[in-house]
There are 2 protein chains.
Amino acid sequence: MRLVKVAATQMSCSDNQEHNIQKAELFVRKAAKEGAQIILLQELFENLYFCQKEIEEQYALAKSLEENKAILHFQKIAKELQIVLPISFYERQNNARYNSIAIIDGDGEILGVYRKSHIPDGPGYEEKYYFNPGDTGFRVWQTMYAKIGVGICWDQWFPEAARAMALMGAELLFYPTAIGSEPHNAQIDSKDHWQRCMIGHSASNVMPVIASNRVGVEVIEDSSISFYGSSFITDATGGILKEADRTEETTLVCQFDLDEIEALRTSWGIFRDRRPDLYKPLLTFDGVNQVQ
Amino acid sequence: MRLVKVAATQMSCSDNQEHNIQKAELFVRKAAKEGAQIILLQELFENLYFCQKEIEEQYALAKSLEENKAILHFQKIAKELQIVLPISFYERQNNARYNSIAIIDGDGEILGVYRKSHIPDGPGYEEKYYFNPGDTGFRVWQTMYAKIGVGICWDQWFPEAARAMALMGAELLFYPTAIGSEPHNAQIDSKDHWQRCMIGHSASNVMPVIASNRVGVEVIEDSSISFYGSSFITDATGGILKEADRTEETTLVCQFDLDEIEALRTSWGIFRDRRPDLYKPLLTFDGVNQVQ
């Protein structure tokens, strides 16, 4: 038996960076008090979701791994509480900028950084303006409590990312997120569609998915987004165990037996019966030309 | 607007091949009467699910494409009713045997054959005993009514198969199936897990999934399986539109506007934002060694 307790937080963010970090700490301490050992904060929680509009001044929000305040802050908390904390941040390295996540282990050390691979772009979600496409490839991390894979927001729509992390040995998949209404079309509500993609990753890879999304209405210039929360945690077959509503600020905590899940994953035979010899179309955009 | 009506059938099968074909025809005619243009019959409906036990005599059930009775029978029906019929069959070619599907177009012509890529193997589902792993790779078919992809049963657990067909231009994904209880462990009920995998393929590829499963209890020697039906059709975001229960013999019919779905798929940007340059781990079994 190899028990691990995981948590997802859900909160609103303001334009006060200091305040956002303090609020995140409150929810992290709350989850830790409930026994959570790996706690997922949402995407880019230090700021408003600035990608809502293309504003040149906002490039200055990007900091190097060493300069980012949230990471420095939560390294201390991780060490104090002996918890694993993936911390999402806007990363600058030289002339490149990334949507990144630093994985802080339970001793406060940084295991490394993953840079978001899939970058969305559309009204309200202008991420191609702010971020280079991630150059790290998918990564997994042997933390004190489990081997984890972490995708960032839009990554969660891509079965390739989840499968790659599962193949590399991930036992749990984490997705920090910022998603809500579509400013150009109030009719669109992607909440169910968003959840179903990750339910699929969980079911197809036979492992829990932990998703953390923000709540609250954020206005930037003439645009606004209502972030729909609905953070959730699945069991190893894609069944939702815990789910937050669209507005509450909360933490979700679930316990898993990783040995039991591994036995299920093995017995189900999916990772035995794959056909990599037939998967070359996945390396194309269009089913025809292989991307180098 | 490009409307198409699709159907999934759900029925029990007996050890009488002639009777199974007649019953399948009844359901096909019923669905066609409701306007269905592409009608999915379940996997290997000509026979009991013979893979429940390893019995040497059952190798004789395999026939060449030209000799298979169901295909000859349904070519006439397809032409008469101007309907597309993917017909699952146990295929023999020389010394190889496959779990195959022949795609009959609305004029009765065979567009080609796909051979099941992912072959399960476990108590009650001894498919590696009966079938070579499919050698066709994933295929899509430009039928009279839509470009379709067809996976066979166990294929439906693999996001790679669905994604490959979507990349190759499939507009609808069809999965004929034979799945039910696990003879070695009455506690296992995979129905929700099974559905969630396909819900994920639908959501992640932004296209409907049509799944047809058998019902009924089949006994072979000392073993029995209760096939759990639960055939279903999703919308383009993974939402279940129609679902059969675990025991009824029935047909499900849904209509889609393929132009509307294509517009949604395009606007959502998933096929623009993929990163084939990062997907090489998918060509491995273990995250390390690339399979040739």
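Predicted model: local features only at pLDDT ≥ 70, side-chain atom pairs only at ≥ 80, totals over all residues.
Trainee: What makes the relation of chain B to chain A a two-fold axis?

Trainee: How do you know that the copies meet through the same surface?

Mentor: Compare the two sides. Of the interface residues of chain B, 98% are also interface residues in chain A, so the copies meet through the same surface. Chain B brings 57 residues to the contact, and chain A brings 56.

Trainee: Which three residues supply more of the area that chain B buries against chain A than any other three?

Mentor: Arg196(B), Trp268(B) and Leu282(B), which together supply 14% of that area. As for the whole interface, the two chains bury about 5,000 Å² between them, and 64% of it is on carbon and sulfur atoms.

Trainee: Why is the pair Glu160(A) and Arg274(B) called a salt bridge?

Mentor: Set the distance against the cut-off. A side-chain nitrogen of Arg has to be within 4 Å of a carboxyl oxygen of Glu. Here the closest N and O atoms are 2.9 Å apart, so the pair meets the rule for a salt bridge. The rule finds 6 salt bridges across the interface of chain B and chain A, along with 24 residue pairs in polar contact.

Trainee: Which helix of chain B gives the most to the side that touches chain A?

Mentor: Helix 5 of chain B, with 8 residues. Helix 4 (159-167) and helix 5 (191-205) of chain B each supply at least two residues of that side. Sorted by class, the side of chain B that touches chain A has 28 nonpolar, 16 polar and 13 charged residues.

Trainee: Let's turn to Ile77(A). Why does Ile77(A) count as buried?

Mentor: Buried means under 20% relative accessible area. Ile77(A) has 5% relative accessibility, so it counts as buried. You'll find Ile77(A) in helix 2 (residues 69-81) of chain A.

Trainee: What does Ile77(A) touch, not counting residues up to four places away in sequence?

Mentor: Glu25(A), Val28(A), Arg29(A), Gln82(A) and Ile83(A). Also, Ile77(A) and Ile104(A) are 27 residues apart in sequence, and their C-alpha atoms are 9.9 Å apart in space.

Key:
Residues numbered from 1 in each chain as written. Chains lettered and ligands numbered in written order. Heavy atoms only, no water. Contact = heavy atoms within 4.5 Å. Buried area = accessible area lost by both parts, 1.4 Å probe. Polar contact = N/O pair within 3.5 Å; in protein donor to acceptor, adjacent residues only side chain to side chain. Helix = DSSP H or I, 4+ residues; strand = E, 2+ residues; numbered from the N terminus. Nonpolar A, V, L, I, M, F, W, Y, C, P; charged D, E, K, R; others polar. Buried < 20%, exposed > 50% of the residue type's maximum accessible area, 1.4 Å probe, protein only.
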